[in-house]
Amino acid sequence: MQCFKSLFTDEVSVAQPLFSLDGQSLITPQSVSNRFPSPNKDNETERLRIAEAEFAIVINIAMQRFAAGKDLPDAVRWLIGQLHDIRHKYGAAVWQKLIPLIQAHPSAKILQQCPFTRWSFEKPRGYSGDASLIDFIYGHPAVAEEVAKSTLHGLNIFEYTINAPGPVAVRERRDTLTRYVDETAARTGSGTEILAIAAGHLREAEASKALAEGRLKRWVALDQDPESIGSISRQFQGTSVEPINGSVRGLLARKHQIGTFDLIYAAGLYDYLTDKVAIRLTQISMEMLKPGGVFLFANFSDEMADDGYMESYMNWELLQRSEANMRHIANSATENPVDNTVWFGANRNIIYSAIRKLS
Ligand SMILES: C[S@@+](CC[C@H](N)C(=O)[O-])C[C@H]1O[C@@H](n2cnc3c(N)ncnc32)[C@H](O)[C@@H]1O
């Protein structure tokens with residue numbers, strides 16, 4: 001076995017800080033660690049040494065497969081699985097110490113040739129999980145130029161990263177949102193009012209029949225990023241989509257006077273919110289629902305498969321939630337938590353909760 005130390009460059013690149021945005025969607029390695037316990041707090045130094053050695057073996061094999069250049073997507077699939085196992089086996093405390101070492105390993109330069117991995121690591125918009133990052137997952141033309149800049153190696157890696165379980169679940173999530181909007185329009189008729197919180201580029205609107213056929217009264221799309229709001233304004237000009245540059249903080253402070261809705265949803269947001277903020281946002285959203293309206297929120301589940309790769313090579317930390325966590329948020333935010341459904345998407349990487357406000 002090759003010595004672990006020799007596999008790493010001397011220069012240890014420090015993970016970039018996670019930006020706080022409006023201060024509400026701030027997650028830190030500490031908040032991730034609090035939800036993801038270490039199996040055994042004793043002998044942490046010893047366990048870190050063993051984890052380093054295990055990573056050294058894994059990355060050695062992966063580097064040999066990368067060098068052979070055969071079936072790169074499968075080599076990446078295998079590596080992602082191994083990182084998931086190491087993360088779970090050694091627990092949060094050891095894993096957090098391993099992350100900077102993984103990021104400093106020469107393999108990072110190879111894997112970050114993948115345009116999706118690189119964008120996530122470099123965070124050109126200044127924070128994790130921006131809407132353009134999600135456009136790579138959607139295979140959207142808006143990022144075609146960025147993809148085209150990639151090396152052949154990078155494109156081969158991208159072929160797997162973009163079809164890993166997490167991205168597959170994110171595409172299903174987008175389609176679920178479209179379905180919810182169209183079903184709400186079918187149920188409520190011509191006065192349908194929708195609110196998307198943390199709308200990103202509102203890609204779910206592209207396939208909405210209700211929007212295309214002019215059957216929505218308004219589809220308010222709120223996001224803190226002015227670039228995302230600009231993209232929505234350009235693309236959906238002349239439709240019932242109403243972009244608003246606003247934030248979770250603004251919603252919690254009831255700063256945005258935007259009325260009431262038949263459907264409110266948040267996708268790709270709760271993964272960055274602590275329980276306290278998530279519960280408060282759910283309460284406020286319930287207040288903004290019309291009687292009979294539905295609030296839907298999604299979160300990466302604690303069964304997700306790509307966490308080790310995302311947190312290390314992509315520097316993308318998320319708060320994963322279990323079925324019990326989702327129920328706890330919904331129950332804590334509602335007085336009469338009847339009609340609260342929690343379910344997993346098809347590959348169980350994303351979990352959903354829908355709460356219907358009583359008529
Ligand atoms: C992962 S993207 C999800 C975009 C879209 N909902 C989707 O499913 O494709 C997360 C979005 O949340 C927005 N966001 C994050 N924190 C926010 C906050 N505190 N207030 C408003 N928007 C926020 C970001 O600007 C970004 O556009």
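Which residues have the most contacts inside the largest nonpolar core?

Analyst: This is a predicted model, in which local features need pLDDT of at least 70 and side-chain atom pairs count only at pLDDT 80 or more, while totals for chains, interfaces and linings use all residues. Residues are numbered from 1 along each chain as its sequence is written, and side-chain values use heavy atoms, with hydrogens and water left out.

The residues with the most contacts inside the largest nonpolar core are Phe116, Leu202, Trp219, Tyr265 and Tyr313, and this core has 77 residues. A nonpolar core is a set of buried Ala, Val, Leu, Ile, Met, Phe, Trp, Tyr and Cys residues joined through side-chain atoms within 4.5 Å. Buried means under 20% relative accessible area, exposed means over 50%, and partly exposed is in between (1.4 Å probe, protein chains only). Helix α3 (residues 72-104) gives the most to the core, with 14 residues. Helices here are DSSP runs of H or I with at least four residues, numbered from the N terminus. Because domain 1 (19-164) and domain 2 (167-305 + 317-356) both give residues to this core, it lies between them. The domain bounds come from an automatic or database domain assignment.

Take Tyr265 next. Leaving aside neighbours within four places in sequence, Tyr265 is in contact (heavy atoms within 4.5 Å) with residues including Leu177, Val181, Leu202, Trp219 and Phe295. Another core, of 32 residues, lies apart from the largest one, and Leu281, Phe295, Phe297 and Ala333 are among its members.

After α5 comes Lys123, with a positive phi near 50 degrees.

The structure holds 10 aromatic pairs. Rings of Phe, Tyr and Trp (its six-membered ring) pair if their centres lie within 6.5 Å; planes under 30 degrees apart count as stacked, over 60 as edge-to-face and the rest as tilted. Trp119 and Phe136 form a tilted pair, 5.7 Å centre to centre with 55 degrees between the planes. This pair links distant parts of the chain, since Trp119 is in α5 and Phe136 is in helix α6 (residues 131-138), 17 residues apart. Phe136 also pairs edge-to-face with Phe158, at 6.3 Å centre to centre and 90 degrees between the planes. Phe158 is in helix α8 (residues 152-161), 22 residues from Phe136. Both Phe136 and Phe158 are buried. Ring pairs link Phe116, Trp119, Phe136, Phe158 and Trp316 into a cluster.

How values were computed
Helices (H or I, at least four residues) and strands (E, at least two) are DSSP runs, numbered from the N terminus.
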